[in-house]
Amino acid sequence: MKVVDLQDIALDDMAQTLKVIAHPVRLEILLHLDDSTKIDVTTLCDKLSCGCEASMMSHHLTKMKAHGILTSVKEGKQVYYQVARKEVLNLFHCMLKSNS
């Protein structure tokens, strides 16, 4: 990428996305959402290694949703989450590869 091309990229948006996902719980959420089309809060809580409670899980999911990283669909009483920006998963996979 040429330095001149950087003017066309929303650097602030990129930095904000990195800030939002820069938390171990949020990274693990992305890991589990990558494997699944959509998943609810309770199932995510059960899968996470940190033992995150539903209220804290909802906080993390809401923050990622507010920044357009996730979307949600309500079905009855359950709210299901999925990744909205697949490029975030690509970034996540690059980080996983660089750490191995």
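Q: In this predicted model, what is the relative accessible area of Glu75, and does that make Glu75 buried, partly exposed or exposed?
A: Buried would need a value under 20%, and exposed one over 50%. Glu75 has a relative accessible area of 36%, so its class is partly exposed.

Q: Which side chain does Glu75 meet in a salt bridge?
A: Side chains of opposite charge can pair when their charged atoms come close. For Glu75 the N to O distance is 2.3 Å, and the partner in this salt bridge is Lys38.

Q: How many residues apart in sequence are Glu75 and Lys38?
A: The two side chains meet in a salt bridge. Glu75 sits in strand S2 (residues 70-75), while Lys38 is in the loop between H2 and strand S1 (39-40), so the pair ties together parts whose separation in sequence is 37 residues.

Q: How many salt bridges does a search of the whole structure find?
A: The Glu75 and Lys38 pair is one of them. Asp13 with Arg85 is another, and Glu87 also forms one with Arg85. The search of the whole structure gives a total of three.

Q: Asp13 and Arg85 meet in a salt bridge; how many residues apart are they?
A: Their side chains come to 3.8 Å, N to O. Asp13 belongs to helix H1 (residues 11-21) and Arg85 to the loop between strand S3 (78-83) and H5, so this pair links distant parts of the chain, with a separation of 72 residues.

Q: Which residue is linked with Asp13 and Arg85 in a network of salt bridges?
A: Arg85 has a salt bridge to Asp13. Arg85 also has one in which the closest N and O atoms are 3.0 Å apart. The residue linked with Asp13 and Arg85 in the network is Glu87.

Q: What is the strand order in the open sheet?
A: S1 and S3 pair in the antiparallel sense over two bridges. S2 and S3 run antiparallel as well, joined by six bridges. Put together, the three-strand open sheet has the order S1-S3-S2.

Q: Which strands stand at the edges of this sheet?
A: The order is S1-S3-S2. An edge strand here has a single partner, so one side of it is left without a neighbour in the sheet; the strands in that position are S1 and S2.

Q: What is the phi of the turn residue Gly76 in the hairpin?
A: S2 and S3 form this hairpin, with two residues between them. Gly76 lies in the turn, and its phi is positive, about 65 degrees.

Q: What distance separates the C-alpha atoms of Glu28 and Cys50?
A: Cys50 is among the residues that Glu28 touches. Along the chain they are 22 residues apart, and their C-alpha atoms are separated by 9.2 Å.

Q: About how much accessible area does the nonpolar patch of Leu18, Leu91 and Met95 have together?
A: Met95 lies in helix H5 (residues 86-98) and is partly exposed at 30% relative accessibility. With Leu18 and Leu91 counted in, the surface patch has about 220 Å².

Conventions:
Residues numbered from 1 in each chain as written. Predicted model: local features only at pLDDT ≥ 70, side-chain atom pairs only at ≥ 80, totals over all residues. Heavy atoms only, no water. Patch = residues over 30% accessible without salt bridge, like charges linked within 9 Å, V, L, I, M, F, W, Y side chains within 5 Å. Areas by Shrake-Rupley, 256 points an atom, 1.4 Å probe, with all protein chains shown as cover. Salt bridge = Lys/Arg side-chain N within 4 Å of Asp/Glu carboxyl O. Helix = DSSP H or I, 4+ residues; strand = E, 2+ residues; numbered from the N terminus. Buried < 20%, exposed > 50% of the residue type's maximum accessible area, 1.4 Å probe, protein only. Contact = heavy atoms within 4.5 Å. Pairing = 2+ DSSP bridges. Lists of a residue's contacts leave out its neighbours within four places in sequence.
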